[in-house]
Amino acid sequence: MVHGMDLRRLRYFVAVAEELHFGRAAARLHMSQPPLSQRIRELENELGCQLFQRSAQGVRLTEAGSVLLGEAKELLDAAERARERVRETGRRRTIVVGTVAGAGLEFGPRAAAAFRRTHPDAQVRLCEADISDPTAGLRSGRVDVALTRLPFDTAGLAVRLLETEPLVAAVPADDPVARRPHLRVGDLLGRPWIRLPEDADAAWRRYWLGEADSGEAVERSAGTGSGPVVRTVSECLHAVVWQGAVGILPAGATHRHRTEGIAFVPLTDYPPSRVVLAWPSEVPDPAVLAFVEAVGARPVPDTDGAPGTAYDLFNRPPDLLNIP
């Protein structure tokens, strides 16, 4: 469907689809908003359908827009891989690191710098995936190593723990529970919950739906009701503001995604998010293994799904990452 399109227009479309805001997308693309809006209209005219619903409340993807988003990302990734294969004729290795849900965002630059000290001819490129794929493109071969979060099916993958991160409940600011100093998952029953697509990893979906302890999964699902299905953090935030939905997010969202109309309240009775590195285990790539060692990761304990240690991510000592 998208093979005859201008890649530049597709990049513009993906930026708007991920930001759900023309102004922020224009800033991300280092261009002004009017030309960006014009390019999107040209793409819609070319396809003969509307890709975005525009209103005074903001921008949302149409059904056609959601389909194009997945197709466009695959095509842009393929184009980038083709460019990199050409560049690699010069024998300069590129490690593609997939990221999801802001995992390890704050120490990525330090890890890359440590890796370059031992591999000066190598490059590191980050590739952000939407939150419906906990492997961040690792299963599909789009990336070499994933900087992501447990739990998900790790069959065929090697996994190492970086840190654990506390969680917060994202709730509408006018919800009575928004004024509490902390919450339990049970305090959110009876509200629509943000949901991931049905085809997402089962353990991953349960965790973000507040069902990590599967013994209460049926009871909680029955109490939460149907909520909006999302694929990006931006869509999560819009679901809270526009649809009164609630959900669980990493504590870093309090700083990275501060949004008017949303309160982030610490959760006290739920396993923290475990930030990990993952890579294919069958045929280890020496460059990937070197990158893992540069990050300073440690093996994940065998008790998958057990609560980890909730470090204070915003005041932790600089030597926690063990990067020389």
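What you see here is a predicted model, and the protein in it has ten helices and eleven strands. Of its 324 residues, 49% are buried, and among the contacts with a separation of 6 or more, 76% are between residues 24 or more positions apart. The protein exposes about 15,800 Å², of which carbon and sulfur atoms supply 52%.

Let me turn to the packing. The largest nonpolar core has 53 residues, and those with the most contacts inside it are Ile131, Val171, Leu188 and Phe264. Several elements each supply at least two residues of this core, including strand S5 (145-150), helix H6 (202-208) and strand S10 (273-280). Because domain 2 (90-162 + 273-299) and domain 3 (167-214 + 221-266) both give residues to this core, it lies between them. A second, separate core has 23 residues, among them Leu10, Ala15, Leu20 and Phe52. As for Leu188, if we set aside its neighbours within four places in sequence, it is in contact with Ala169, Val171, Val177, Leu183, Trp193 and Val246.

Finally, the aromatic residues, where the count comes to five aromatic pairs. In one of them, the ring centres of Trp204 and Trp208 are 5.6 Å apart with the planes at 75°, which is over 60 and therefore makes the pair edge-to-face. These two residues are four apart in helix H6, so about one helical turn separates them. Tyr207 and Trp208 also form an edge-to-face pair, with 4.9 Å centre to centre and 90° between the planes. Trp204, Tyr207, Trp208 and Tyr270 form one aromatic cluster; within it, Trp204 counts as buried at 1% relative accessibility, and Trp208 does at 10%.

Conventions. Residues numbered from 1 in each chain as written. Predicted model: local features only at pLDDT ≥ 70, side-chain atom pairs only at ≥ 80, totals over all residues. Heavy atoms only, no water. Core = buried A, V, L, I, M, F, W, Y, C linked by side-chain atoms within 4.5 Å. Buried < 20%, exposed > 50% of the residue type's maximum accessible area, 1.4 Å probe, protein only. Domains from an automatic or database assignment. Contact = heavy atoms within 4.5 Å. Areas by Shrake-Rupley, 256 points an atom, 1.4 Å probe, with all protein chains shown as cover. Phe/Tyr/Trp six-rings, centres within 6.5 Å; stacked < 30°, edge-to-face > 60°.
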